[in-house]
Amino acid sequence: NMQRERMYTTVYNQMFMASISEHKNQANDFLLVRPKKSQRASSSGTSRRNASAVPKVAERPAYIRELSGVPLYSVGQTMPRTEVFHPGKIELKHFLKDLW
């Protein structure tokens, strides 16, 4: 619930706005970092179609870091400020027509 006449910290730019609030650290808070894809050498010569060349989820490394003493902030739901047109949408055609 947002209250009137109260100041809130936000991430704000021309595309979106999102509120930020401080998160109190607890003893069981940690950061899990896991790469999206494995780092494969480009000279390995394996084909992308070869299923055995793609690592399984369990084979990817995971790194755990403590968050003690680190200030944490959570960012709320983003509120769009600018409409981003989908390709082929009639509004995009009107926008481009008016632009030129």
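Lysine 89 is partly exposed, with a relative accessible area of 34%; buried means under 20% relative accessible area, exposed over 50%, and partly exposed in between, using a 1.4 Å probe and protein chains only. Glutamate 83 is partly exposed too, at 48% relative accessibility. The side chains of lysine 89 and glutamate 83 meet in a salt bridge, at 3.9 Å from N to O. That term stands for a side-chain nitrogen of Lys or Arg within 4 Å of a carboxyl oxygen of Asp or Glu. Side chains of opposite charge can pair when their charged atoms come close. The structure holds one salt bridge.

Before going on, please keep in mind that this is a predicted model, in which local features need pLDDT of at least 70 and side-chain atom pairs count only at pLDDT 80 or more, while totals for chains, interfaces and linings use all residues. Residues are numbered from 1 along each chain as its sequence is written, and side-chain values use heavy atoms, with hydrogens and water left out.

Now let us look at the whole chain. It has one helix and five strands, and from the N terminus on they follow the order β-β-β-β-β-α. Helices (H or I, at least four residues) and strands (E, at least two) are DSSP runs, numbered from the N terminus.

Which strands form the open sheet, and in what order? Three strands do, in the order β1-β2-β5, with antiparallel pairing. The edges belong to β1 (9–12) and β5 (72–80), and each has a single partner strand, so one side of each is left without a neighbour in the sheet. Two strands pair if DSSP finds at least two bridges between them. Between β1 and β2 (residues 16–23), which run antiparallel, there are four bridges. Threonine 9, for example, has isoleucine 20 in β2 as its bridge partner. Strands of a sheet pair through backbone hydrogen bonds, either parallel or antiparallel.

Next comes the helix. Leucine 92 sits in helix α1, which covers residues 90–99. This leucine 92 is partly exposed, with a relative accessible area of 22%. Apart from its neighbours within four places in sequence, leucine 92 is in contact (heavy atoms within 4.5 Å) with Phe85, His86 and Pro87.

Finally, some totals. Of the 100 residues of the chain, 4% count as buried. The chain exposes about 9,800 Å², of which carbon and sulfur atoms supply 55%; accessible areas come from the Shrake-Rupley method with a 1.4 Å probe. Among the contacts with a separation of 6 or more, 71% come from residues 24 or more positions apart.
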